[in-house]
Amino acid sequence: MRVIRAIGEPDTPLKGTLDPEILIWCEAHNFVLVTNNRTSMPVHLVDHINTGHHVPGIFILNPDMGIGETIEELILVSEASFEEEYQDQIINLPILGMRL
């Protein structure tokens, strides 16, 4: 069973929570982060790892992909991935196949 949570939902960080705190939450709750933050997230991930922390993975959204295409990609990735395959990594979507 896949569980999807959004920032600002009950029992998640509030909207406006700083990225380093979101990474701590993802680590504590074993959630992969899906974000459009291409600029500062790599810096925050390096800082997070350098302080001895880990994250299950971070997927960066592709603005050229529609929502349906993105959802399909994430489902395929989740079904075809090994446990901890993306730990401490930032992966840009799409990762499966080539887009035309």
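This is a predicted model: local features need pLDDT of at least 70, side-chain atom pairs count only at pLDDT 80 or more; totals for chains, interfaces and linings use all residues.
A helix here is a DSSP run of at least four residues, numbered from the N terminus.

**Entry 1: the pocket**

I looked up the largest pocket. Its volume is about 1300 Å³. I then asked how many residues line the largest pocket. The count is 41, and Val3, Phe31, Val32, Leu33 and Val34 lie nearest the centre.

Which element gives the largest share of that lining? I found H3, with 7 residues. Helix H1 (19-29), strand E1 (33-35) and H3 each supply at least two.

I sorted the lining by residue type. It divides into 23 nonpolar, 11 polar and 7 charged residues.

**Entry 2: Asn62**

I went to the loop between strand E2 (58-60) and helix H3 (67-80), where Asn62 sits. Is Asn62 buried or exposed? Its relative accessible area is 15%, so I count Asn62 as buried, the cut-off being under 20%.

I also checked what the side chain of Asn62 reaches. It comes to the backbone oxygen of Leu93, at 3.2 Å.

**Entry 3: the salt bridge**

I searched the whole structure for salt bridges and got 1. Glu9 pairs with Arg5 in a salt bridge, and their closest N and O atoms are 3.2 Å apart.

I looked at the exposure of each partner. Glu9 has 33% relative accessibility, so I list Glu9 as partly exposed. Arg5 is at 32%, so Arg5 is partly exposed too. Both calls rest on the range between 20% and 50%.

Notes:
Residues are numbered from 1 along each chain as its sequence is written. Side-chain values use heavy atoms; hydrogens and water are left out. Buried means under 20% relative accessible area, exposed over 50%, partly exposed in between (1.4 Å probe, protein chains only). A polar contact is a pair of N or O atoms within 3.5 Å; within protein, one must be able to donate a hydrogen and the other to accept it, and residues adjacent in sequence count only if both atoms are side-chain atoms. A salt bridge is a side-chain nitrogen of Lys or Arg within 4 Å of a carboxyl oxygen of Asp or Glu. On a 1 Å grid over the protein atoms alone, a cavity is a set of points where a 1.4 Å probe fits but cannot get out, and a pocket is an open set with protein on both sides within 12 Å along at least five of seven lines; lining residues have an atom within 4 Å of a point. Grid points are joined across faces, edges and corners, and a volume is the space filled by probe spheres set on the points. Ala, Val, Leu, Ile, Met, Phe, Trp, Tyr, Cys and Pro count as nonpolar, Asp, Glu, Lys and Arg as charged, and the others, Gly among them, as polar.
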